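Here is a short tour to read with the model open beside you.

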Amino acid sequence: MAQTDMDSGEDGGGGGEPEVIAKTSVLGGFTESTEIRALISSLPVVHENIVTLESAIERFLVIMDRYQEQPHLLDPHLEWMLNLLLELIRSEQSPPLLVHLGFKFLYIISKVRGYKIFMQLFPHEVADVQPVLDLLCRQDPRDPETWETRYMLLLWLSMTCLIPFDLSRLDGHLTSDPSQTREPIMDRILAIAKSYLMVTDKSRDAASVLVSKFVTRPDVKLKRLGDFLDWSLTTISQASDQTMGGTVILDGALQSLAQLFKHGKRDDFLQYAPVVLQCLDQCHVAESSQATLRKLGVKLVQRLGLTFLKPRLAKWRYQRGSRSLAANLSLSQSGSTVQAVSPDMETQSQEEDYDIPEEVENVIEQLLGGLKDKETIVRWSAAKGIGRVTGRLPRELADEVVGSVLDCFSFQETDNAWHGGCLALAELGRRGLLVPSRLPDVVPLILKALVYDEKRGACSVGSNVRDAACYVCWAFARAYEPTELKPFVTQIACALVITAVFDRNINCRRAASVSDHSVSVSGTFPYGIDIVVAADYFAVGNLNNCYLSISVYIASFPEYTRPMIDHLVAMKINHWDGVIRQLATKALHNLTPQAPDYMATTVMPQLLPIALGIDLHSRHGAILASAEISHALYKLANQNNRYCHLTSQPVSDQYVVRPQQIFVVVVVSCLCRGFGGELMRPAVCSLIENMSLSKMPFKDDPVITGWQWLIDDTLKSLHLISPGPRDGIKVQYKVLVSQYIAGLKSTEVLTRCGSALALGSLPRFMIHGKLHQVLYTCLQQSCSQREVCFTEARRDAAKAMAQVCVTSGVSAQGGSDSVVCEGNVSAVYGALLDCMTDYTLDSRGDVGAWVREAAMTSLMEVTLCVVGTAPQLLSPDLVNGMMCSLAQQSAEKIDRYRAHAGSVFVRLLHSNNPAVPHIPHREELLAIFPTEGAEGLNWNAPSQAFPHITQLLRLPQYQYHTLLGLTVSVGGLTESTVRFSSQSLFDHLMLIQQDAAALGQFSETLLHVFRDNLRNDRYTHTHTHTLLHVFRDNLRNDRYTHTTHTTLTHTFVSMLTHTLFSTFSFTVTFCGLIQFQGEVRKKVLFQLLLLLCHPFPVIRKTTASQVYEMLLTYDDVIDPDVMDDVMTSLSDTNWSVESGDRNSISP
């Protein structure tokens, strides 16, 4: 279970959240054994080449990483892999690089399988001690490239230390020369261990393992244990955690002590435990700023506590019975059962004679403090320590420890204390140390922890607490008999279901789902199997699915209906995340049919004071909830005729008045203004919409005027999200339409946006008779104004135009004031096609893309509407202009808008009910975009889109517009777009290079595109790059060069010479065109010389640099006799000065 501290990394849960797709990878065995054997055998060959060496290491890592979750599959193969690698390491012919490579592979294996299991396979005979020790002594502890070697050698040395012989016996054979003295092996190993406890790499961890194996030997502990402990305590006392070096030293010393007290015998270390504990207190390790040191301090403290206490298993602990499947099956065959064991008074009396050392109180106090640490790793270690130490205490003292743990669950404590308390309770319950008599005190706290959520700034904390609470429920389900949990199972089940369905954090939802499964297995979970199937681990991954689907299914079981509703009202409609608030209100809408009376009589009265409270989020959620419940009750009335006459019943009379009161009080109290207006206005608009859809009896009520005032006021400041009331304002609709039309001419951009969206949302009867005024005088005018500040208004006007046309309907013989007809269809298409040419730029980038995207969508909607009713209204010119514009947009550089244009293009092409008439080259287009393949085409991927787009260049009708968009992509900045668009364009040129007519037409069209956009800064730079690529890379075949390229190049150069040089791209272009000989080269050199005399120094300097590189590339440009002089002049002249000799270069 994940144990994150903050909710900032949670899934958003937006409407676009994809479904969770689970793909399990359960392996059946180590299938790559043959490949691994060959890979290891090839190391002597591949290690000499850095490329093959890196490839071998990468392949070995890929294979081994597959078994990270199932490392036991490697067990049958570990021995032969170890032997092969040790054979390379031990060989005298192996160079140092190969030896290090062998140890690197050994480390990779141990990382996957775990060092505790893998190190046991190392050979550990007497003959191995000296070679391993010597090899380790030859290593450089500071070499960062060979740390795997040192790590594995330390583990290997740890195993060789287990030989059952006194190490002093090996010292007699150290040397044959009596005049020489060498250090005893015992001292050498201890010195190496001490030195590696202070290194900064992972070898420090292996050194602590070496200490635990070596110092606990019978011969070593008699001679060196006390000295080593003195050295460790001295090191801890003198080191400081304020420096990096001090932190490393403390880490190694604390690790070694923790390992020693873990593996050593209690009788050997009991006398040293008080001194070590006193040293830790004096050094204040628990107050260190380093989380790793605090964790190691907690680990060491719990080991000291276990040393103080006798290693005994508490007889008073709760035992559920046998956990062995084989034992249970044998007992079931014999007819007997295993009963849970509960503590009795006799056990308690026997434990009264057991004296507990005073230091244990200090140990428990430090462990309880560790439960409140700010780091999860420290809290988790402290929780395990609490479980271990409590298991050796008498019942009374253990109960006091449990009480101290329960003190963590105070609302005066932080989320860290709640999380640590949950972890400790899970450990105590898992070990049977939380007796059933404590469950009435524990369960209510766990239920609070399952919904713990504290707001901190812009987010909240508590996801780790809820996750740990799910872990407690899982542990309790496995630790206790179902009869013990039966009084609490309904409460736990409801809380877990609520967490699994409504929690914001995906890890908490999944943890609760797993806990649901564990509790349901006990058989006392109400409808447990059905709920587990519906809300399994993968189903709860999608937040929308949880709130809107799974919750409805679970609420159909009566035990969960009201708790789920109460939780949404109490915890979720006031949540800090707006997405959660909206999902909660939609969930209340869906849950209303399960408990309509409860919603009307209990929930709605609760929402009124919340909607008028001081908390902004609570007000927002309560108003949305009131709106959704109102509409749900109305729909339920239509279905079963139960609440169809709300005003005829006393209870319903009160209910009907409450939404009206909410609206009046909210508006009168000015709660829609100020800081909260951005949230409150859409919420109240939603309330108005749902009350209107519910046909509340507000006819001729003054509240209608308030509705209209709020909507009009909202249009001036925010986008109108909801369409607003439609049935309650029929009398004033003429005034409304005129008001919204006037709003389109406002100087405020938001007022224009709101007015446009409002017009698009009006029903047909309100537009009838005013369609001409809306389309011509307003929407077209708004779409045609290209001011930067009105970009959003143009976008919304384009959307509204399609909405108005679809709402009004289409009729070939109708009037232009009522429907889309022959008299106004051309104007509609003209305005939308004009929007397709909007390339407005500001500090936000290409904001005109918003208008183009809206125009593409509107064109599709209007076209499908017209085709479905009166296809004869679409002339060939309209369809041709629309399809060519879409082709241009589908070839441009922005992935999102290219994808949208491509999908619209294909949608119109494949429309069959009926088909869009007059599409140019329909058959060829269907061949390029077949029906079965177009659905899988990813337009967002340049590698897939451009090969299809460039095929449109073969079609004359689409060639110009496709090139217009394609040149923008070819000359763009995005590497993938430039690469794939250029490649697709050149592939097309290769196909037509043998067709002189097609190649000539393409070139003329390309120059036509350039000529038409010569003064357009958006296209000039990209078009010159595209033309240069075409001339340089694709116009070199002899036939084409001698027939047509001269004219085209002359035209291109002439256009460049008459262009304002606003960029440096022309300099590069001219230098590229120097490859063409004759008149073209002379014109190009003349232009370059003019640029060398340009009044701007930066242009002169850049031109000189480009000309210098050009002359190096093309050595036939000038006479070789003057080449050296020209190159010297270009390189030595100071082109940045205002005056100088810049006329010495001649063609």
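Is serine 240 buried, partly exposed or exposed? Serine 240 is partly exposed, with a relative accessible area of 33%. On this scale buried means under 20% relative accessible area, exposed means over 50%, and partly exposed is in between, with a 1.4 Å probe and protein chains only.

Before going on, a word on where the values come from. This is a predicted model, in which local features need pLDDT of at least 70 and side-chain atom pairs count only at pLDDT 80 or more, while totals for chains, interfaces and linings use all residues. Residues are numbered from 1 along each chain as its sequence is written, and side-chain values use heavy atoms, with hydrogens and water left out.

**The surroundings of serine 240**

Serine 240 sits in the loop between helix H11 (218–238) and helix H12 (244–263). Helices (H or I, at least four residues) and strands (E, at least two) are DSSP runs, numbered from the N terminus. Not counting residues up to four places away in sequence, serine 240 touches Gly246, Thr247 and Leu250, where contact means heavy atoms within 4.5 Å. Take leucine 250 from that list: serine 240 and leucine 250 are 10 residues apart in sequence, and their C-alpha atoms are 7.8 Å apart in space.

**The protein as a whole**

The secondary structure comes to 57 helices and 4 strands. Of the 1147 residues of the protein, 53% count as buried. Among contacts with a separation of 6 or more, 72% are between residues 24 or more positions apart.

**Two cores**

A nonpolar core is a set of buried Ala, Val, Leu, Ile, Met, Phe, Trp, Tyr and Cys residues joined through side-chain atoms within 4.5 Å. The largest nonpolar core has 213 residues, and Met64, Leu106, Phe122, Phe214 and Tyr560 touch the most other members.

Axes are lines fitted to C-alpha atoms, for helices over the stretch in contact, and angles run from 0 to 180 degrees between N-to-C directions.

| Helix pair | Axis distance | Angle |
|---|---|---|
| H1 (residues 33–41) and H4 (residues 78–90) | within 10 Å | roughly 5° |
| H15 (residues 291–308) and H19 (residues 376–390) | 9 Å | about 5° |
| H41 (residues 825–835) and H42 (residues 848–869) | within 8 Å | roughly 150° |

H1 and H4 are therefore roughly parallel to each other, a label for angles under 35 degrees, with those over 145 counting as roughly antiparallel. Ser33, Ile36, Arg37 and Ile40 in H1 meet Trp80, Met81, Leu84, Leu85 and Leu88 in H4. The residues of this H1–H4 contact divide into 7 nonpolar, 1 polar and 1 charged. In this scheme Ala, Val, Leu, Ile, Met, Phe, Trp, Tyr, Cys and Pro count as nonpolar, Asp, Glu, Lys and Arg as charged, and the others, Gly among them, as polar.

H15 and H19 are also roughly parallel to each other. On the H15 side the contact includes Ala291, Arg294 and Val298, and on the H19 side Ile377, Ser381 and Arg388 are among the partners. By class, the contact of H15 with H19 has 7 nonpolar, 3 polar and 6 charged residues.

How do H41 and H42 run, roughly parallel or roughly antiparallel? H41 and H42 are roughly antiparallel to each other. Val828, Tyr829, Leu832, Leu833 and Cys835 in H41 meet a set in H42 that includes Val851, Ala855, Leu859 and Val862. This contact of H41 with H42 has 9 nonpolar, 2 polar and 1 charged residues.

Threonine 585 lies in helix H30 (residues 578–591) and is buried, with a relative accessible area of 3%. Leaving aside neighbours within four places in sequence, threonine 585 is in contact with Ile573, Gly621, Leu624, Ala625 and Glu628.

Histidine 918 lies in the loop between helix H44 (895–909) and helix H45 (922–928), and histidine 921 lies in the loop between H44 and H45 too. Phi is near 65° for histidine 918, a positive value in a residue other than glycine, and near 55° for histidine 921, again positive. Histidine 918 counts as partly exposed at 41% relative accessibility, as does histidine 921 at 25%.

How values were computed. Parallel < 35°, antiparallel > 145°, perpendicular 65-115°, else oblique.
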